[in-house]
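Subject: Structure handover

Hi,

Here is the structure for you to look over. My notes come after it.

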Amino acid sequence: MNDSTGCATCPGAPAPATGPTRRQVVTGAGAAVAFGAPTLAGCAGGKGSTSDGADAPGVEFPASDVPVGGGAIKQGWVVTQPTEGTYKAFSSKCTHQGCGVSQIKDGAIICTCHGSEFSVEDGSVLAGPAQDALPEGKAEVSGDTVKAGPA
Ligand code: FES
C-alpha cells in the first residue's frame, strides 16, 4: 500500500524524511542481532538455567555433596562420582534447548524442561529429546573438595 496513508514499508514507498535509511535499518538490525545473540543464548537457558555450562568458571563442590553413583549440580556444572573416588564434571546446560539440568536420580542427570536424561558416567544421552551428550569438563579432587571447570 503506497498511498497517502504514509505506508513506509510498502513497495515503492519513499523513505520517510526523518526516519532511518534502509541501510541504517539493516545495519541497526544486524547490530541488534549481534548484541541480541548473548541475550538469546541466555534465553536458551530457559527455566532452570544456571549458566552457560562448559564455559562457566570453575566451581568447588564439597566431596561429601557428591554421592557414589550420583552427583551434585552447582553454578553451571554437574559433578558426578560414578564409582568410589572417580569424579566427573559436565556442563549443566542441557544440550537440547539449554535449560539447566536440575536433578540427579538413579544414575541419570535429568533436565526437567523436556525430560532429557544423561549418564552420570560419561554425560551421554540416556533419554531424549536431547541428541548430544553433556560437554565434559575437568574434575579435580583436592582434599575434601572437588573442583569442576573447563577441560
Ligand atoms: S532443554 Fe533439556 S530436555 Fe529440553
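Below is what I found, from the overall fold down to one residue.

This is a predicted model: local features need pLDDT of at least 70, side-chain atom pairs count only at pLDDT 80 or more, and totals for chains, interfaces and linings use all residues. Numbering starts from 1 along each chain as its sequence is written.

Overall fold. The protein has one helix and ten strands. Helices (H or I, at least four residues) and strands (E, at least two) are DSSP runs, numbered from the N terminus. The order along the sequence is α-β-β-β-β-β-β-β-β-β-β. Of the 151 residues, 28% are buried. Buried means 20 or more other C-beta atoms within 10 Å of the residue's own, exposed means 12 or fewer, and partly exposed is in between, with C-beta atoms placed from the backbone.

The sheet. Three strands form an open antiparallel sheet, ordered β1-β10-β9. Its edge strands are β1 (59–62) and β9 (138–142), each pairing on one side only. Pairing requires at least two DSSP bridges between two strands. Four bridges join β1 to β10 (residues 145–149). There, V59 stands opposite A148 in β10.

One residue. K138 lies in β9. K138 counts as partly exposed because it has 13 C-beta neighbours inside 10 Å. Leaving out residues up to four places away in sequence, K138 touches A89, G149, P150 and A151. Contact means C-beta atoms, placed from the backbone, within 7 Å. The C-alpha atoms of K138 and G149 are 5.4 Å apart, with the two residues eleven apart along the chain.

Best wishes

Technical notes
Contact = placed C-beta atoms within 7 Å.
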